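Hello,

Here is the structure I promised to pass on to you. Please open it first, and then read my notes alongside it.

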Amino acid sequence: MSGDTCLTTTLCPTAGPKPKTCGFKGGSLGNKYVRLNVGGSLYYTTVQVLTRHDTMLKAMFSGRMEVLTDKEGWILIDRCGKHFGTILNYLRDDTIALPKHRQEIKELMAEAKYYLIQGLVDMCQAALQDKKDLCEPVCSIPIITSPKEEERLIESSMKPVVKLLYNRSNNKYSYTSNSDDNLLKNIELFDKLSLRFNGRVLFIKDVIGDEICCWSFYGQGRKLAEVCCTSIVYATEKKQTKVEFPEARIYEETLNVLLYETPRVPDNSLLEATSRSRSQASHSEDDEGFELRDRVRRIHVKRYSTYDDRQLGHPVS
């Protein structure tokens, strides 16, 4: 028989005499076996193993604490017996092979805390931290499934937001020869930027929008700029969709949104330094009909020109 043996029998409560309370005289038993009933799981082990470390079990089996026994002489411990065999192995060898799953390690650590086995508690905590570091993703990229979800993500984010909309299926024309390559380059650049700035910028993907490939940049809950990477070109007797890859422009706008990392609290000194007098602002804000801060910088890469958000066909003044 090994140093400690677990009998997998689970005891069912039966009517009979109540457990007796008595003082356990461990010194008189030495290395003899004692019988333990831990939550219905039966174990054989020795007093030497139970008293090897300064734990609650040592207090129980060295006579400092009273123990409960049933009519058959089994010592009762009112705890789950699932991990008690592992507890005994640690008391005997000072080391064990921890379970693979986080939940089982947490269960074992709870038992080790109850029995005051600090060395085993430390092992479990270190293993849980290692598993957390191993499984923690470097960055998480939400994928938009509805306009309401997009609005909620952007408004609730305390970080600037960069969104890439790509929807290759939303096209009724054929693509130009290098459009597919450029679409993949846009996606690859998004992945690289998300890895580089994941702690400072929230990157999100949109695969349900109307555009084929479009970048949007947000700061403090409002859109700051937009880079549309698609345009329609006319070939012989047909139209084709052209996808561009304005790498430099995308980098520039990504760096611009980093200026909006500050909390959404007005900086009085900055507002004072950048504020304009009423006389200077009246001829611009009032005449335009909207405040300057609400303007969105939109860039169409075909012409690399900046234009405002007026509807198409609006007469140019």
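To start with something you can look up yourself: is Y115 buried or exposed? Y115 counts as buried, with a relative accessibility of 1%. Please keep in mind throughout that this is a predicted model.

**The overall picture**

The protein chain has 317 residues, and 36% of them are buried. Its secondary structure consists of 10 helices and 16 strands. Among the contacts with a separation of 6 or more, 69% are between residues 24 or more positions apart. The chain exposes about 19600 Å², and 51% of that comes from carbon and sulfur atoms.

**Aromatic residues**

In the whole structure, a search finds 7 aromatic pairs. One of them joins Y44 and W74, whose ring centres are 5.7 Å apart; the planes meet at 40°, so this pair is tilted. Y44 belongs to strand β4 (residues 41-46), while W74 sits in the loop between β5 (66-69) and β6 (75-77), so the pair ties together parts 30 residues apart in sequence. Y44 is partly exposed, at 21% relative accessible area, whereas W74 is buried at 7%.

Y115 has a pair of its own, with Y114: this one is edge-to-face, with 5.1 Å from centre to centre and 80° between the planes.

**Around helix α3**

F84 leads us to helix α3, which covers residues 84-93. Which residues of this helix are buried? They are F84, G85, I87, L88, Y90 and L91.

Just after α3 comes D94, which takes a positive phi of about 65°. The side chain of D94 also forms a salt bridge with R52, at 3.5 Å from N to O. This pair links distant parts of the chain, 42 residues apart: D94 is in the loop between α3 and α4 (102-114), and R52 is in the loop between α1 (47-50) and α2 (56-61). Both partners count as partly exposed, D94 at 37% relative accessibility and R52 at 44%.

**More salt bridges**

How many salt bridges does the structure hold? There are 12. Side chains of opposite charge can pair when their charged atoms come close.

D206 and K163 form another of these bridges, with their closest N and O atoms 3.7 Å apart. D206 lies in strand β10 and K163 in strand β8 (residues 161-166), so the bridge ties together parts 43 residues apart in sequence. Both of these residues are buried. They are also linked with E150 in a network of salt bridges.

A further bridge joins E252 and R249, where the closest N and O atoms are 3.3 Å apart. These two residues are 3 apart in helix α8 (residues 247-257), which puts about one helical turn between them. E252 is partly exposed at 38% relative accessible area, and R249 is partly exposed at 24%.

**A surface patch**

Next, have a look at I143, V207 and I208, which make a nonpolar surface patch of about 230 Å². V207 has its place in the loop between β10 (202-206) and β11 (213-219). With 33% relative accessibility, V207 counts as partly exposed.

**Cysteines**

Finally, how many disulfides does the model have? The count comes to 0. Take C213 as an example: its closest cysteine sulfur is the one in C229, and the two sulfurs are 4.1 Å apart, which is too far for a bond. The cut-off for a disulfide is a distance within 2.5 Å between the two sulfur atoms. C213 is buried, at 0% relative accessibility. C124 is buried too, with a relative accessible area of 0%.

Enjoy exploring it!

Best wishes

Notes
Residues numbered from 1 in each chain as written. Predicted model: local features only at pLDDT ≥ 70, side-chain atom pairs only at ≥ 80, totals over all residues. Heavy atoms only, no water. Buried < 20%, exposed > 50% of the residue type's maximum accessible area, 1.4 Å probe, protein only. Helix = DSSP H or I, 4+ residues; strand = E, 2+ residues; numbered from the N terminus. Contact = heavy atoms within 4.5 Å. Areas by Shrake-Rupley, 256 points an atom, 1.4 Å probe, with all protein chains shown as cover. Patch = residues over 30% accessible without salt bridge, like charges linked within 9 Å, V, L, I, M, F, W, Y side chains within 5 Å. Salt bridge = Lys/Arg side-chain N within 4 Å of Asp/Glu carboxyl O. Phe/Tyr/Trp six-rings, centres within 6.5 Å; stacked < 30°, edge-to-face > 60°.
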